[in-house]
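The structure is shown first.

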Amino acid sequence: MPETKVQQPEDDKQLVLQAVAGSQSAFRKLYDHYQKKISRLVGSMVGSPEDANDIVQEVFIRAFRSLDSFKGASSFYTWLYRIALNATTDFRRKQARRFQSAPEKPLSEIEQGARQLAAPVEQSPEGELYRKELAQLVRRALDTLGREHREVMVLREISGLSYAEIAEITGVTIGTVMSRLHYARKKVAETLQRWNVVD
Amino acid sequence: MAEDKFELTEEIIQRYYDGEVDSRQRSRIEQALAADSASEEKLARYGRVSELMQLVGETGEADELTAQRNWKKVSRSLEETRPLLRRPRFWVSVAAAAAFWLLFYSPFGKIQSNELVIESIDCTYASFMLIQPEAETGRTIIWLSDPGGSQQ
């Protein structure tokens with residue numbers, strides 16, 4: 001089960017107040033605490049590490065610029081996760097426009113690749129390559145989901161957030177989170193089964 | 001009794017898997033799962049998908065070096081968007097300019113070289129004023145002339 005639940009430091013609000021007053025070192029502490037979680041979230045939704053880095057930078061720049069508008073009604077990290085999801089959506093939208101005419105990798109090629117990957121994971125360079133390619137494949141399966149389902153899936157499985165936290169970030173009810181999550185898991189499992197990644 | 005009737009729905013299995021049930025529900029679900037292999041299989045499938053998703057998360061995470069590089073770019077951008085008066089570099093420049101001015105143009109420098117600083121002279125009734133350059137004695141003489149005579 002995913003167990004990477006976010007632990008919010010008690011002094012987040014203090015650090016936000018200091019950062020609003022102009023303290024870059026306070027903002028640096030917030031960055032240090034959350035950059036790994038944000039990079040995991042963004043990196044799982046964007047294929048290229050370079051693009052993911054650009055988005056992570058954009059997330060923290062946007063957060064700093066709009067710190068004034070952070071009222072403290074919600075937790076800082078749920079607010080930050082919302083910014084990360086928006087920045088990723090913006091990026092994917094721009095990318096889709098840019099590569100509208102680019103041909104998609106044929107499905108048969110993906111399936112062929114998946115069959116080749118159906119080998120035991122080893123502690124070796126080959127094993128590491130296998131894990132990376134497998135991760136690419138799972139990311140492709142995630143891409144078959146719509147934005148709303150993908151976001152819920154990633155917030156639960158990658159970030160390990162609770163239903164209540166996901167509901168707060170995505171602005172829907174807990175019931176909707178549960179039904180989106182159920183659909184997303186089912187669809188990803190079916191896709192990976194079709195590609196012979198899981199039985 | 002209705003309370004004894006417990007059905008393992010997809011929703012309940014998912015909530016159990018995600019740790020979104022209380023301890024009482026948990027033990028009832030575990031009993032039901034032990035007697036239902038199909039539900040156990042569903043639970044196992046959740047586990048397999050989660051494992052693969054974790055792989056995506058791990059490969060997406062930035063390493064320390066990348067995190068440092070990202071911060072440098074972020075802080076540079078923050079610096080550019082800050083109001084001028086809140087930028088440390090601005091104050092460093094101001095301090096450097098002030099130090100330069102104090103060193104070469106400040107009134108302190110002139111006082112130290114024994115020059116006389118005159119803040120104001122009232123010469124409303126004077127027809128002319130003559131300032132004699134500093135003498136070797138280090139004294140400066142100022143001559144004022146008015147209709148009634150001259151005064152020093």
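A:Leu67 is partly exposed, because 17 other C-beta atoms lie within 10 Å, and a buried residue would need 20 or more. The model is a predicted one. A:Leu67 sits in the loop of chain A that runs between helix H3 (49-65) and helix H4 (76-98).

Apart from neighbours within four places in sequence, the contacts of A:Leu67 are A:Val16, A:Ala19 and A:Val20. A:Gly160 lies 93 residues away from A:Leu67 in sequence, and the C-alpha to C-alpha separation of the pair is 25 Å.

## Domains of chain A

The domain assignment divides chain A into domain 1 (9-102) and domain 2 (106-199). Twelve residues from domain 1 of chain A and ten residues from domain 2 of chain A take part in the contact.

On the side of domain 1 of chain A that touches domain 2 of chain A, H2 and H4 of chain A each supply at least two residues. H4(A) gives the largest share of this side, with five residues. By residue class, the side of domain 1 of chain A that touches domain 2 of chain A has four nonpolar, five polar and three charged residues.

## Contact between chains A and B

The contact between the chains involves 39 residues from chain A and 32 residues from chain B. On the side of chain A that touches chain B, at least two residues come from each of helix H2 (24-43), H3, helix H6 (125-143), helix H7 (147-157) and H9 of chain A. The residues of this side of chain A comprise 19 nonpolar, ten polar and ten charged.

## Packing of H9(A) on H3(B)

Two packed helices are described by the angle between their axes and the distance between the axes. For helix H9 (residues 174-194) of chain A and helix H3 (residues 37-60) of chain B, the angle is about 80° and the axes are 10 Å apart. H9(A) is therefore roughly perpendicular to H3(B), since angles of 65 to 115 degrees fall in that class.

Which residues of H9(A) and H3(B) meet? From H9(A) they are A:Arg185, A:Val188, A:Ala189 and A:Leu192, and from H3(B) they are B:Arg45, B:Tyr46, B:Val49 and B:Leu52. The residues of this contact of H9(A) with H3(B) are six nonpolar and two charged, with no polar ones.

Conventions: Residues numbered from 1 in each chain as written. Chains lettered and ligands numbered in written order. Predicted model: local features only at pLDDT ≥ 70, side-chain atom pairs only at ≥ 80, totals over all residues. Helix = DSSP H or I, 4+ residues; strand = E, 2+ residues; numbered from the N terminus. Buried ≥ 20, exposed ≤ 12 C-beta atoms within 10 Å, placed from the backbone. Contact = placed C-beta atoms within 7 Å. Axes fitted to C-alpha atoms, helices over the stretch in contact; angles between N-to-C directions. Parallel < 35°, antiparallel > 145°, perpendicular 65-115°, else oblique. Nonpolar A, V, L, I, M, F, W, Y, C, P; charged D, E, K, R; others polar. Domains from an automatic or database assignment.
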